[in-house]
Amino acid sequence: MSDYILQMKNISKTFPGVKALDNVELEVKKGEVHALIGENGAGKSTLIKILAGIHKPDPGAKFYFEGEEAKINKPIDATLKGVSIIYQDLSLFPNLSVAENIYIGQDSNKKPWKKINWKNIKKTAERALEELEVDIDPNTTVERLSIAQQQLVEIARALAFEAKLIVMDEPTSALSSSEVEKLYKVVDKLSSRGISIIFISHKLKELFRVSDRFTVLRDGKYVGSYQTEEIDEAKLINLMVGRDVSYEKNEKEVETGEIIFQVSNFSKQGNFKDISFSLKKGEVLGITGLVGSGRTELAQAIFGVNKPDSGELKIYGNYVQIRSSADAVKKGVAYIPEARQTQGLVLEQSIINNISLPILNRMRNKLKLIDRKSEVQLAEQYIKSLDVRPALPDLPASKLSGGNQQKVVIGKWLSAQPKILIIDEPTNGIDIGAKTEIHKLLRRLANDGIGVIMISSELPEILAVSDRVLVMRHGRISGELGIKEATQEKIMSYALNSGKKDDSSDVLHESNQVSQGV
């Protein structure tokens, strides 16, 4: 009998104008945790969708499960072979109970007139949750659970389907450090029981923590497979991107200009309190702190999404009132949210339509119709200057990798010609190669005179890009550091303990920790 639960050979996939995969292979042993790694756009998602039966590969592809050749033509084929995919965007029904979510799909062949066996549904859920040693009430509706608990429900559902191979796509992207540790234990438990895991993540440290072996893809091609003990981070990054890449602390003092933006005494009950800071022309101001410290809420209040209770704003020394996001754009403020897919892009619209979205009124001709030629020229300008790949203006944003989607979001807001750019978690879910490109782009925008406010929980990123760092704790600014004096240790000390009396009863209390890894 084969040692491999899965063997995929000669896997190619061609989309119109794009060769997404070119003769890729993937072999996963029984009971191993196998890291699938590569830059955004390397082909990981396409490969997994082929495994799941969502995409059909080009002719010549071969699938083997437990040594026997098989066909995967549709999702049910993968499910019947014991494959379960847990996507980054969880696919649970929020208004249904935990038990219903775990059981759903089990009775796919049930006759429509047959009664629902609620006792069996609950028993199936209880058994799956017990296997994971998870204390979640099966009767609770999923919308009342934390993200970490929802992920455990997804895993429990896979166990209920008797999965032999579970694919976890960016499973820790929204988890705190303590929740991540719990997930590691679950992965270890599943592996010890002989269940295989394909683990996809851009966080290299966690991959080395959980994985037995790595498969590396680059530009849609198979680079190789490696035992964890025979490889290190530097070699892995080189294999992924074809060059040496590393974060380097910004030690260079940049000459910044006049103060272009001032926030004074900004407060919003339950979010942040007495926030005051300034931003200079050409400066990258980093804002960090624990998840839940009020960083995102502050950015949204500045941009007019959430109205603050009190406080004042000045742009170039003049008091301004921003009552809406449209107001903010008119006054030269742009905001790139963390959730680029749900808040930053219209995924099924083209790159052209996404980039022109904030300035459609300016694109109208004499007949008040959108000037298509101008719209295309604008998109092509930003596709070229931001190096969006593939450079296909009519391509839907959903077809782009995470890094290229982020470039389109940046291009979209640059089209509005902002004086102040606020960007929240600029490289969330983006691979190391694309991260450095985004970092260089932010520095370039600052050099061109835009004032950049960068919110990030990744301390290496804060140190690599910022000229100055503000640290938030319990909704307040607990520290300010020039980039030369800033270190991870100093930032963490401010994030965890401001050294002042903790008067934060009306401000958010955080439960998660700053990410210190790549």
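How much area is buried between domain 1 and domain 2, and what percentage of it do carbon and sulfur atoms give? The first legend answers this for the predicted model.

**Figure 1. The interface of domain 1 and domain 2 in the predicted model**. The chain is divided into domain 1, covering 4-241, and domain 2, covering 258-496. Their C-alpha centres lie 32 Å apart. Domain 1 puts 10 residues into the contact and domain 2 puts in 12 residues. The area buried between the two domains is about 870 Å², and carbon and sulfur atoms give 56% of that area. Across this interface the rule finds 0 salt bridges.

**Figure 2. Helix H1 and the loop that holds His55**. The buried residues are Lys44, Thr46, Leu47, Ile48, Ile50 and Leu51. Just after H1, Gly53 takes a positive phi of about 85°. His55 lies in the loop between H1 and strand S4 (62-65). With a relative accessible area of 18%, His55 is buried, because buried means under 20%. Leaving aside residues up to four places away in sequence, His55 touches Lys13, Phe15, Thr46, Lys49 and Ile50. Of these contacts, Thr46 and Ile50 are among the buried residues of H1.

**Figure 3. Lys13 over the face of Phe15**. Lys13 lies over the face of the Phe15 ring, at 5.2 Å from the ring centre. Both Lys13 and Phe15 are touched by His55, a residue of the loop between H1 and strand S4.

**Figure 4. The aromatic pair of Phe208 and Phe214**. The structure holds 4 aromatic pairs. In the pair shown here, the ring centres of Phe208 and Phe214 are 5.1 Å apart and the planes stand at 45°, so the pair is tilted. Phe208 has 22% relative accessibility and counts as partly exposed, whereas Phe214, at 0%, counts as buried.

**Figure 5. The aromatic pair of Phe303 and Tyr335**. Phe303 and Tyr335 form a tilted aromatic pair, with 5.6 Å from centre to centre and 50° between the planes. Phe303 lies in the loop between H9 and strand S14 (310-315), while Tyr335 lies in strand S16 (residues 333-336), so the pair ties together parts that are 32 residues apart in sequence. Phe303 counts as buried at 4% relative accessibility, and Tyr335 counts as buried at 6%. Together with Trp413, these two residues form one aromatic cluster.

**Figure 6. Asp327 in helix H10**. Asp327 has its place in helix H10, which is made up of residues 325-330. At 16% relative accessibility, Asp327 counts as buried. Asp327 touches Gln321 and Ile322 when residues up to four places away in sequence are not counted. Between Asp327 and Phe303 there are 24 residues of separation in sequence and 8.3 Å in space, taken from C-alpha to C-alpha.

**Figure 7. The cis peptide bond from Arg389 to Pro390**. The peptide bond from Arg389 to Pro390 is cis, with omega near -5°. Pro390 lies in the loop between helix H13 (372-385) and helix H14 (402-414).

**Figure 8. Positive phi at Asp274 and Gln417**. Phi of Asp274 is near 50°, a positive value in a residue other than glycine. Asp274 lies in strand S12, residues 272-280, and is partly exposed, with a relative accessible area of 42%. Gln417 also is a residue other than glycine with a positive phi, near 55°. Gln417 is found in the loop between H14 and strand S17 (420-424). With a relative accessible area of 63%, Gln417 is exposed.

Definitions and conventions
Residues are numbered from 1 along each chain as its sequence is written. This is a predicted model: local features need pLDDT of at least 70, side-chain atom pairs count only at pLDDT 80 or more; totals for chains, interfaces and linings use all residues. Side-chain values use heavy atoms; hydrogens and water are left out. Rings of Phe, Tyr and Trp (its six-membered ring) pair if their centres lie within 6.5 Å; planes under 30 degrees apart count as stacked, over 60 as edge-to-face and the rest as tilted. Buried means under 20% relative accessible area, exposed over 50%, partly exposed in between (1.4 Å probe, protein chains only). Helices (H or I, at least four residues) and strands (E, at least two) are DSSP runs, numbered from the N terminus. A charge sits over a ring if NZ of Lys or CZ of Arg is within 6 Å of the ring centre and within 35 degrees of the ring normal. Domain bounds come from an automatic or database domain assignment. Contact means heavy atoms within 4.5 Å. Buried area is the accessible area (1.4 Å probe) that two parts lose on being put together, summed over both. A salt bridge is a side-chain nitrogen of Lys or Arg within 4 Å of a carboxyl oxygen of Asp or Glu.
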